[in-house]
Amino acid sequence: GAWSKPVLVKAGSGLIDPCPLWDDNGKVYLVHAYAGSRYGMKSLLAVCELSSDATKAVSEDVLVFDGHPANETCEGPKFHKQGGYYYIFFPAGGVKDGWQMAIRSRSVYGPYEAKKVMDQGASSINGPHQGAWVHTPFNEDWFFHFQEQKPLGRVVCLQPMSWNNGWPVIGVDKDGDGCGEPLLTYTKPKTKSPSPVANPAESDEFDSNTLGKQWQWYANPRPEWVYFHGEQGFIRLFSYNPVANYKNLLNTPNLLLQKFPAPDFTATTKIRFTPNQASNGERCGLAVIGMDYATLTLQKDENGFILAQISCKNADQGAAEIINESVNVGTNELYLRVTVRNIKDCTFSYSLDGQTFQQLGKPFTAREGLWIGAKVGLFCTRTVQKNDGGWMDVDWFRITK
């Protein structure tokens, strides 16, 4: 049955990427890697035995693979047993330019033979690695992996997988050396019925009382950040007290964002800003967020409602924002838009009527976040501590080609 709480199987700072194996002899084993930043060593894989209910390590680690120097940064192992062999699938070489390895042995603790089973080869897919083997009910083998596409982040790919002389071959092996290379297009996996092309959720009319699955808060969420007016078809984002030592939006938790959905897209939103007159520094708008970021920011001052196109380069290092251009829009209700081309080239515009859009500010080059891709979305914040604040009502957020 399901565990009611997390179970500490094995303690240790820097023990990462665990994967269990329930062996056919009734024993349970665990393979894991090491994070150099916390353990002081990396590029090693270890196996230990677990209790029969997989809740506790009952043996010491045995190192089963040394990635120095040819397969450094080996991590993310997956444990399998097939045809009398124990197999460990794992990536090596790092995120940008890595490859996929497999090792096998008749004994769980080795010695293991090693083979590279997928790399970039002549393909355009850099760093194809760190994934998982899936065997389907239709007797097909497939392999999920990621590719780092800056600034999109880590894009998930699916490759066909086959077996040759007891070794997995991932992708297509053009030169017959047993090491495959990834494919950009291929026949879909077999299913019981046709599976049409379907995109994940992108646009949101905000007509329900929950956020769509495309949305991600920038930090652990708090319920007081958003109120759902689903019956009226909008959400209300409240400004929130800033964190200590506020520098820029990157240390602001209440950013409502989603991943870039495609290399080329347009995101448009309709907003209405109601600032709290007693709270200085309130602002809201549309943003493209990464280690560099840019926004369309609406703020009220003594002259009225001012819309500014703002950028912040090296925000991850605490840099300050720069106002590229601003305009007195004379209203608290606006349509905001960002158009993205070639994955990273962003231009911002706004409209008073939802029909005619005026470009504002400078072009911006999107940059990935730390361990994540660039994101697009909404914010409503303030820069001073107050006992209450204003809000931004968001009628809808729409992604178009």
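Visitor: What sits over the ring of W99?
Guide: The charged end of K116, 4.6 Å from the ring centre. A charge counts as over a ring if NZ of Lys or CZ of Arg is within 6 Å of the ring centre and within 35 degrees of the ring normal. This is a predicted model, where local features need pLDDT of at least 70, side-chain atom pairs count only at pLDDT 80 or more, and totals for chains, interfaces and linings use all residues. Residues are numbered from 1 along each chain as its sequence is written, and side-chain values use heavy atoms, with hydrogens and water left out.

Visitor: And which residue lies over the face of Y85?
Guide: That's R104, at 4.4 Å from the ring centre. Y85 also belongs to an aromatic cluster with Y87, F89, W133, F143 and W163. Rings of Phe, Tyr and Trp (its six-membered ring) pair if their centres lie within 6.5 Å; planes under 30 degrees apart count as stacked, over 60 as edge-to-face and the rest as tilted.

Visitor: How many aromatic pairs are there in the whole structure?
Guide: The search finds 18. One of them is Y29 with Y109, edge-to-face because the planes are at 90°, with the centres 6.1 Å apart.

Visitor: New topic: how many disulfides?
Guide: Zero in the whole structure, where a disulfide is a pair of cysteine sulfur atoms within 2.5 Å.

Visitor: What about C346?
Guide: The sulfur of C346 is also too far for a bond, as its closest cysteine sulfur, in C312, is 15 Å away.
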